[in-house]
Every structure is written in C-alpha cells, then in structure tokens.
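Subject: the structure we talked about

Hi,

Here is the structure I promised to pass on.

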Amino acid sequence: MAENSAAKWEGRVSETLQGATADQIWPMLKDFFNFHKWFPTLANCYGLSGTNGEVGCVRFCSGFSIPSTDGSDSVVSWSKERLVTVDDERRRIRYEIVDSNIGFKSYVSTIKVVEGGDGGVIEWSFVVEAVEGLKLEDLVKKFERGLKSMAKRMEVAVQQN
C-alpha cells in the first residue's frame with residue numbers, strides 16, 4: 001500500500017524598508033495580537049489566549065486575503081494562529097495556523113527583520129501543505145503584495161513617531 005503524503009509548498013518574500021531600521025520595526029512585528037494594524041487585508045486580529053508576544057499565545061485573524069474553502073469570496077477568511085518562536089536577538093517570530101477556514105494545513109510561517117540597505121529588510125517565509133484550489137505562485141504573489149503594503153504602513157508609523 002503506497003503512502004500518500006501531501007506536497008509541501010515553500011515560499012519566501014522580502015521587502016526593503018525606506019527610513020525605518022530593523023530595531024524600529026521589530027516591536028511592531030512582535031506585537032502578535034495587533035497584526036491587523038500592519039497587514040492590509042486583515043480586518044481583525046486579537047488575542048485568544050496567552051500573553052501578547054510570548055511563545056504559546058494564540059491570536060484570531062480574519063479578513064479577505066485568501067478565499068475561504070467554501071469558495072465564496074463574500075465569506076470572511078479566518079485563522080487561529082499560535083506563536084511558536086520569539087527570538088529578540090535575531091528579531092524573528094515563527095507562528096503556525098492551528099485552525100482556519102482557508103484550507104491551510106501544517107502551515108508554519110517565519111517573519112524576521114534584518115539590517116540591510118539604508119534601513120531594514122522584512123523577510124517572510126512559509127511552509128504549508130499544498131492548498132486545493134490555489135497555486136503556489138498565486139499564494140506567493142499575495143504575500144508579496146501584503147508585505148509591500150505592510151512595510152509601507154510600518155514606515156509611515158516610524159516617521160510619525
């Protein structure tokens with residue numbers, strides 16, 4: 001009997017910040033329960049359990065970035081996500097989706113900010129089981145667009161402080 005293991009998708013995107021350093025951006029990324037402030041297609045993000053920014057805490061996120069698995073774009077996409085790593089020295093978080101209606105299984109994502117260019121660079125990578133109804137290229141494009149907008153929002157916040 002042959003084993004049927006799902007294919008894993010891996011993606012990585014990055015965005016260079018203008019006028020914002022890695023040290024200025026890191027607290028925004030670590031603010032796990034308030035990701036909606038930065039990510040453009042999230043309508044809501046809030047804590048369900050644990051302490052914000054500490055390993056083991058769980059957040060609820062909802063919005064319209066990825067269609068729900070019922071195929072209707074009018075249904076809000078949602079996910080529950082657990083913070084699994086916080087590395088202040090390397091300015092990196094890693095989280096996993098523990099439940100959702102968007103078809104992600106075994107999803108793990110890492111977001112970090114490093115020094116680079118005239119400021120910082122945000123790097124976002126993910127590993128997920130292949131998602132029925134999506135193409136890896138389309139998913140990477142969603143991450144690219146979202147990260148670009150997120151970086152702009154963060155730059156504005158730094159400039160306003």
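A residue counts as buried here when its relative accessible area is under 20%. Keep in mind that this is a predicted model.

Let me start with the cysteines. Cys57 has a relative accessibility of 0%, so it is buried. Its sulfur is 9.6 Å from the closest cysteine sulfur, the one in Cys45, and that is too far for a bond. Cys61 is buried as well, at 3%. What about the sulfur of Cys61 and the closest cysteine sulfur? That partner is in Cys45 again, 3.2 Å away, which is still too far for a bond because a disulfide needs the two sulfurs within 2.5 Å. The disulfide count comes to zero.

Arg59 belongs to strand β3. Is this arginine buried or exposed? Its relative accessibility is 1%, so Arg59 counts as buried. Here is what surrounds it:

- The side chain of Arg59 makes a polar contact with the side chain of Glu81, at 2.7 Å.
- A polar atom of the Arg59 side chain lies 2.8 Å from the backbone oxygen of Phe32.
- Arg59 also lies over the face of Phe32, 3.7 Å from the ring centre.
- The charged end of Arg59 sits over the ring of Tyr95 too, 4.9 Å from the centre of that ring.
- Leaving out residues up to four places away in sequence, Arg59 touches a list of residues that includes Phe33, Phe35, Cys45, Tyr46 and Lys80.

Then the aromatics. The structure holds twelve aromatic pairs. One of them is Phe35 with Trp124, an edge-to-face pair with 5.8 Å between the centres and 80 degrees between the planes. Phe35 is in the loop between α1 and β2 while Trp124 is in strand β7, so this pair ties together parts that are 89 residues apart in sequence. Both Phe35 and Trp124 are buried. Another pair is Phe60 with Trp78, which is stacked, with 6.1 Å between the centres and 20 degrees between the planes. This pair also links distant parts of the chain, with Phe60 in strand β3 and Trp78 in strand β4, 18 residues apart. Phe60 is buried at 17%, whereas Trp78 is partly exposed at 24%. There is an aromatic cluster as well, and its members include Phe32, Phe35, Tyr95, Tyr107, Trp124 and Phe143.

On to helix α1. Which of its residues are buried? They are Ala22, Ile25, Trp26, Met28 and Leu29. Looking down the axis of α1, these buried residues fall within an arc of 170 degrees, so they line one face of the helix. What covers them includes the strands β4, β5, β6 and β7, along with helix α2.

Trp26 brings me to one more residue, Asp87. Setting aside neighbours within four places in sequence, Asp87 is in contact with Trp26 and Arg92. Asp87 is in strand β4, which covers residues 77-87, and is buried at 15% relative accessible area. A polar atom of the Asp87 side chain lies 3.0 Å from the backbone nitrogen of Arg90.

Cheers

Conventions
Residues numbered from 1 in each chain as written. Predicted model: local features only at pLDDT ≥ 70, side-chain atom pairs only at ≥ 80, totals over all residues. Heavy atoms only, no water. Helix = DSSP H or I, 4+ residues; strand = E, 2+ residues; numbered from the N terminus. Buried < 20%, exposed > 50% of the residue type's maximum accessible area, 1.4 Å probe, protein only. Polar contact = N/O pair within 3.5 Å; in protein donor to acceptor, adjacent residues only side chain to side chain. Contact = heavy atoms within 4.5 Å. Phe/Tyr/Trp six-rings, centres within 6.5 Å; stacked < 30°, edge-to-face > 60°. Lys NZ or Arg CZ within 6 Å of the ring centre and 35° of its normal. Arc of directions from axis to C-beta.
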